[in-house]
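Please consult the sequence and the structure alongside the points below.

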Amino acid sequence: GGGNVSKFRCLWTRGVPSRHPAGPSTDGARCDMLLRGGKRAAAGWLLLFGAALCCLLGGAEGKKKPAKSEYKRLVKCASCVAVAREMGEAMVKQWRDHEGQTILIEKRKKKQKVPYVDSELAVHEMLEHVCEEHHYTHYNLTGTGGVVRFAKGDKDAGSKEHKKKLQGMCQHLIADHEKEVVDFLYSQRTSPEGMGDAAPAGLCTTVAALCSEQEAEAAAFYNP
């Protein structure tokens with residue numbers, strides 16, 4: 001008959017001798033056209049599938065690098081937070097150890113006595129020692145729930161690599177931001193009880209710009 005030829009019928013009858021050997025078969029011609037079209041469609045779908053697979057694999061590879069760089073950035077933030085807390089605690093200790101003491105300073109070409117805790121000298125003297133090794137021998141890097149922090153534990157628990165990283169961050173803060181660090185710590189002398197929380201927020205988010213406020217809060221280390 002002259003009706004449509006199904007692909008299934010074409011595949012089923014392909015290669016079967018024709019009952020009508022005289023003259024070309026209309027069904028056979030239709031079968032050839034249908035099968036050729038099917039092959040082209042299949043090839044097209046394979047190309048589309050291959051392109052989609054390449055995009056997916058390429059996207060997966062592309063996501064690895066930002067994740068790694070983001071982790072490094074969070075480690076820097078955590079390093080700054082730990083060092084800032086050390087600076088804050090060292091500053092409070094410096095003020096308490098010299099409470100009641102006075103120093104001579106020259107102001108308007110006249111020497112006068114001022115409380116040690118009200119002088120920038122206290123901050124500068126603290127900064128001379130805060131990067132020393134013993135401040136950072138008891139930190140370990142931890143990460144839970146996407147939060148990276150340096151945890152403060154036993155002095156023997158610290159890693160040499162972490163100690164070196166924290167000392168490097170301490171030296172970086174002083175070398176690149178000394179004036180801002182001194183100004184900030186000096187401004188906190190009237191409220192030393194809040195120094196532990198104020199130092200990371202002020203030094204790491206405002207001065208060094210290594211953390212957001214939320215990241216600095218999340219990276220605050222703890223004492224187990």
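The bend at a residue is the angle between two fitted axes, one for the seven residues ending there and one for the seven starting there. By this criterion, helix α4 has a kink of about 100 degrees, centred on His 177. The model under discussion is predicted.

**Helix α4**
- Helix α4 comprises residues 160–187, and its end C-alpha atoms lie only 33 Å apart.
- A straight helix of 28 residues would span 40 Å at 1.5 Å a residue.

**The β1–β2 hairpin**
- Strand β1 (residues 102–107) and strand β2 (residues 110–115) run antiparallel and are joined by six bridges.
- Lys 107 is positioned opposite Lys 110 of β2.
- Two residues separate the strands of this hairpin, and Arg 108 in the turn adopts a positive phi of about 55 degrees.

**The second largest pocket**
- The second largest pocket holds about 260 Å³ of space.
- Its lining consists of 15 residues, of which Glu 89, Ala 90, Lys 93, His 134 and His 135 are the closest to the centre.
- Helices α2 (26–97) and α3 (120–127) each contribute at least two residues to the lining of this pocket.
- With six residues, α2 gives the most to that lining.
- By class, the lining of the second largest pocket contains seven charged, five polar and three nonpolar residues.

Definitions and conventions: Residues are numbered from 1 along each chain as its sequence is written. This is a predicted model: local features need pLDDT of at least 70, side-chain atom pairs count only at pLDDT 80 or more; totals for chains, interfaces and linings use all residues. Side-chain values use heavy atoms; hydrogens and water are left out. Helices (H or I, at least four residues) and strands (E, at least two) are DSSP runs, numbered from the N terminus. The expected span of a helix is 1.5 Å times one less than its number of residues. Two strands pair if DSSP finds at least two bridges between them. On a 1 Å grid over the protein atoms alone, a cavity is a set of points where a 1.4 Å probe fits but cannot get out, and a pocket is an open set with protein on both sides within 12 Å along at least five of seven lines; lining residues have an atom within 4 Å of a point. Grid points are joined across faces, edges and corners, and a volume is the space filled by probe spheres set on the points. Ala, Val, Leu, Ile, Met, Phe, Trp, Tyr, Cys and Pro count as nonpolar, Asp, Glu, Lys and Arg as charged, and the others, Gly among them, as polar.
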